[in-house]
Structures are given as C-alpha cells and as structure tokens.
Amino acid sequence: MSSVSFLGLIIVGIFILIPNIISTSCNIESDEKKLRFNKNGEFKILQISDMHYANGKDTPCSDVLPSQLQTCSDLNTTDYLRRFIQTENPDLVVFTGDNVHSTDAYNYNRSMDEVFAPAIESNIPWTAILGNHDVNVLQTGIPRQAVMEYIVGMKNTLSLLNPSNLEEDELIWGWGNYNLEVAGIKGSPFENKSVLNLYLLDTGDYTYSFTPTFYLGYEWIQPSQQSWFLRTSKQLQETYMSAPQPQPQQGPAPGLVFFHIPIPEFNNISKSDMVGVKQENVICPGVNSGFFDTMLAAGDIKAAFVGHGHTNDYCGKLCDIQLCYDAGFGYHGYGIAGWPRRARVINVKLDKTQDGNWGPVNSIVTWKRLHDDRLTIIDPEVLWTSAGRDQSKSVFKPIMSE
Ligand SMILES: *[C@@H]1O[C@H](CO)[C@@H](O)[C@H](O)[C@H]1NC(C)=O
Ligand SMILES: *[C@@H]1O[C@H](CO)[C@@H](O)[C@H](O)[C@H]1NC(C)=O
Ligand SMILES: *[C@@H]1O[C@H](CO)[C@@H](O)[C@H](O)[C@H]1NC(C)=O
Ligand SMILES: *[C@@H]1O[C@H](CO)[C@@H](O)[C@H](O)[C@H]1NC(C)=O
C-alpha cells in the first residue's frame with residue numbers, strides 16, 4: 001500500500017469514527033458482536049456436524065431407505081437445519097466440519113453460501129471449523145486457507161482464520177483455530193467477564209507419508225495449536241480469577257472445545273459408560289499428539305465435541321472431561337438407512353446467587369434432536385455441574401419448546 005493511500009485510509013477512518021466517539025462512550029459495534037448469556041441465564045449452542053453439502057437438489061442422498069431415495073437431496077439437509085434452528089432458537093450455532101463435500105461441489109462458493117444460508121437467515125451468530133472433506137486441494141485447487149477465509153467473510157459469523165495477535169514464533173498450524181468468550185448477563189456482576197470459553201481447533205485432513213514406511217491417515221492437533229490453546233486458557237483463567245472485581249472466582253470458568261476429528265481417547269469410553277451409541281470404530285489419527293493430556297493440564301475444560309463419525313453419537317466421561325460425538329447431520333454423507341440424522345444441543349446455565357443476581361456457570365447439559373417429523377429429543381444428560389457431583393449419567397427433564 002502506498003503511503004498516500006494509507007494516509008487516505010486514516011483520514012477516512014477518522015471520519016467514520018468521529019460520530020461514534022461523540023454519540024457514545026462505549027464501542028457498540030464490539031458489544032453487539034459479543035456473546036452473552038440470555039435473559040433466562042442460559043447460553044444454548046446447537047452443534048451441527050458433517051452436512052456434506054454439495055449441489056442442492058442435484059445431490060443424491062446416501063444411506064436412506066429405498067422409498068426415500070427418489071425425493072431426497074441436499075435440500076432435505078437445508079430444510080432440517082432451518083427447522084432445528086427455529087425449534088431450538090439457540091444463542092450460537094457451531095458447525096464442526098465436513099460442511100461442504102468439496103470433491104462433489106460444482107461451484108464451491110455457491111455450496112458454502114447455500115449450506116450456511118439457514119444460519120445466516122436466522123440472524124443468530126454462527127461459527128464454523130473445517131473437516132477433512134471441506135478441502136481437497138488436489139482435486140478442487142482451493143486451499144484450506146481460502147475456504148476458511150471465505151467463511152470468515154460471511155454474514156453473522158464469528159469464525160476466525162486464526163488468532164490475529166500472534167508473534168512470529170507463535171504461528172499456529174492449520175486454519176480456523178480460535179476461541180470465543182461468552183460474557184455474563186448484562187447488568188449482572190459478571191457482565192464484563194467471560195464466564196464460558198469456547199475453543200475451536202482445526203484437525204486438518206489427510207497425511208501422506210511415504211518414508212520410512214507408507215503411512216496414510218488423518219492429521220492431528222499439532223504442538224503449535226496446543227501451545228496457543230494452553231496460553232489462551234491460562235490468560236482467560238487469570239482474568240477470571242483475579243481482577244477486575246467485584247467477584248474473583250475460585251475455579252476457572254468452564255471451557256468447551258470443538259474440533260472435527262476425534263482424538264484417540266474417544267476409544268477409552270466403554271459402552272457401559274456412555275450415553276448414546278457407538279456403531280462404528282473411532283476413526284482418529286494414528287498418532288496420539290497428547291491433546292487429551294493438554295486439555296487436562298489446562299484445567300478449565302469440561303467437554304470436547306467432535307463430528308467425523310456419522311453413526312456414533314455418544315458422550316462419555318474420561319478423567320472428568322466429557323468426550324462427545326455429534327453424529328452426521330447431512331443426507332449426502334454416509335449414515336444408516338432408517339437411523340435418523342441428528343444434531344446435539346448444549347445448554348449452559350448460570351447460577352442464581354443468594355441476592356437474586358446471576359452468578360457463574362452452574363451446569364452444562366446436553367440432548368440430541370432427531371431428523372423426524374417432531375424433531376424428537378433423545379438422551380438428555382448432565383455433562384457437568386459446579387457442585388462437582390458425579391451426575392454424568394443422571395437424566396434431567398429438559399424444559400424446552402417442542
Ligand atoms: C426430503 O424432502 C422431500 C420434500 O420435502 C420429502 O418428500 C422427503 O420425505 C424428505 N426425505 C427425507 C429423508 O427426509
Ligand atoms: C470464490 O470466492 C472467492 C472469495 O470471494 C473469490 O476469490 C473466488 O474467485 C470465488 N470463486 C469462484 C469460482 O467464484
Ligand atoms: C462493565 O463495564 C462497563 C463499561 O466499562 C461499566 O460501566 C460497568 O460498571 C462494568 N460492570 C461491572 C459489573 O464491572
Ligand atoms: C486410553 O486407553 C489406552 C489403551 O488402552 C491407554 O493406553 C491409555 O492410558 C488410556 N487413556 C486414558 C486417559 O485413560
């Protein structure tokens with residue numbers, strides 16, 4: 001950029017900023033973008049994974065009943081997404097990868113516009129990360145960075161390419177590693193604090209290695225990502241547990257992590273300890289890069305949510321961290337005919353303090369909704385409570401609109 005146009009930019013910038021400075025002392029724009037708990041003291045996340053969208057009505061469905069095949073396409077995925085969002089009315093929609101089935105998409109930008117359209121129309125903030133099918137540079141020529149950049153530029157999204165404040169030696173592997181802070185209720189003592197932290201990580205796609213032996217498998221969460229994750233978690237905990245007053249907290253604000261490909265520890269959940277089903281092997285990297293240990297070491301993480309395995313939808317607790325599958329949402333991706341596609345809802349609730357004010361997070365619960373006429377709710381369970389009671393398998397009665 002020439003210095004003249006740079007100067008021009010500054011001058012234009014000043015004129016844009018002046019009215020805001022005069023009219024109000026706080027930055028409205030950044031406040032609007034901020035995630036907050038809602039008036040009911042809840043923050044509800046809808047997790048949608050593996051939509052595998054391609055070309056709308058021209059895309060055939062996989063694994064549906066023979067009677068459904070004729071009338072089924074990507075449009076069913078879109079229709080269901082719209083209904084899920086309307087029914088749950090979440091505070092945030094998180095897409096955990098394989099959003100677009102890149103190798104089948106005729107026009108990649110159009111596929112992205114169409115697949116996220118229901119979220120954009122709803123005016124609810126949404127965020128996305130990539131899976132192993134969103135990008136296939138060899139076939140489509142579109143690099144991972146470009147796909148993530150396109151998503152970051154879309155309307156109403158909080159997605160980020162990567163954190164922007166990194167030093168040269170802190171640069172992170174992958175595209176779409178970022179965290180989101182969720183502030184307490186406006187007017188409560190926690191209105192300026194992040195009381196819930198969301199971390200989103202890129203798990204990449206395939207790794208091709210021919211030496212010393214042929215190895216083909218999935219990529220994994222790299223040391224540079226884990227360092228950033230630990231640094232970020234530490235900073236957030238320090239802020240939360242110290243100033244600004246009035247309420248320094250004793251424990252950290254809970255953290256939730258979202259990524260596409262499961263870590264090997266999803267294998268450690270036995271069938272008797274899970275809520276939900278395991279109908280396929282855990283397809284994960286052959287290398288264990290230690291991210292489970294890193295989550296434990298961070299100290300604030302209560303649950304990790306993944307996609308990738310379309311016919312697994314279980315949660316199970318390992319060393320106090322809940323490991324949760326979402327199962328496949330889209331009709332173009334594989335599934336089981338007659339076993340409804342589904343999505344997960346995560347509802348985080350605040351404590352009501354003795355003086356009647358809203359406090360820190362009290363509990364994290366989850367349930368799933370099926371793709372059927374009534375969007376049936378299944379498997380409600382408590383994932384975590386601040387009281388520390390072991391309620392991981394207790395069932396609660398969800399209060400929600402049908
Ligand atoms: C897909 O949508 C069509 C048109 O609305 C409908 O007739 C069909 O039953 C749907 N299929 C599935 C599997 O939901
Ligand atoms: C897709 O969008 C990107 C970013 O706006 C643009 O650079 C690219 O040319 C578009 N590709 C096609 C095929 O339209
Ligand atoms: C939060 O920040 C705003 C703006 O700086 C301030 O007016 C308000 O008193 C703060 N609230 C609390 C609880 O600290
Ligand atoms: C998970 O299972 C593997 C294989 O049995 C074992 O080596 C590992 O220690 C287990 N991890 C945890 C956190 O329990």
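Predicted model: local features only at pLDDT ≥ 70, side-chain atom pairs only at ≥ 80, totals over all residues.
Local features need pLDDT of at least 70 and side-chain atom pairs count only at pLDDT 80 or more, while totals for chains, interfaces and linings use all residues. Residues are numbered from 1 along each chain as its sequence is written, and chains are lettered from A and ligands numbered from 1 in the order in which they are written.

The protein chain holds nine helices and 16 strands, taken as DSSP runs (helices H or I, at least four residues; strands E, at least two) numbered from the N terminus. Of its 402 residues, 43% are buried (20 or more other C-beta atoms within 10 Å of the residue's own, with C-beta atoms placed from the backbone). Contacts are pairs whose C-beta atoms, placed from the backbone, lie within 7 Å. Among those between residues at least 6 apart in sequence, 67% join residues at least 24 apart.

Helix α8 (residues 223-241) and helix α9 (residues 291-298) have axes that come within 10 Å and cross at roughly 15 degrees. Therefore α8 is roughly parallel to α9 (angles under 35 degrees). These axes are lines fitted to C-alpha atoms over the stretch in contact, with angles from 0 to 180 degrees between N-to-C directions. On the α8 side, Q226, F229, L230 and S233 meet F291, T294, A297 and A298 of α9. This contact comprises five nonpolar, three polar and no charged residues (Ala, Val, Leu, Ile, Met, Phe, Trp, Tyr, Cys and Pro count as nonpolar, Asp, Glu, Lys and Arg as charged, the others, Gly among them, as polar).

Around ligand 1 are V64, Q68, T71, C72 and N76, each with its C-beta atom, placed from the backbone, within 6 Å of the ligand. Two residues of this shell are nonpolar, three polar and none charged.

Conventions. Buried ≥ 20, exposed ≤ 12 C-beta atoms within 10 Å, placed from the backbone. Contact = placed C-beta atoms within 7 Å. Parallel < 35°, antiparallel > 145°, perpendicular 65-115°, else oblique.
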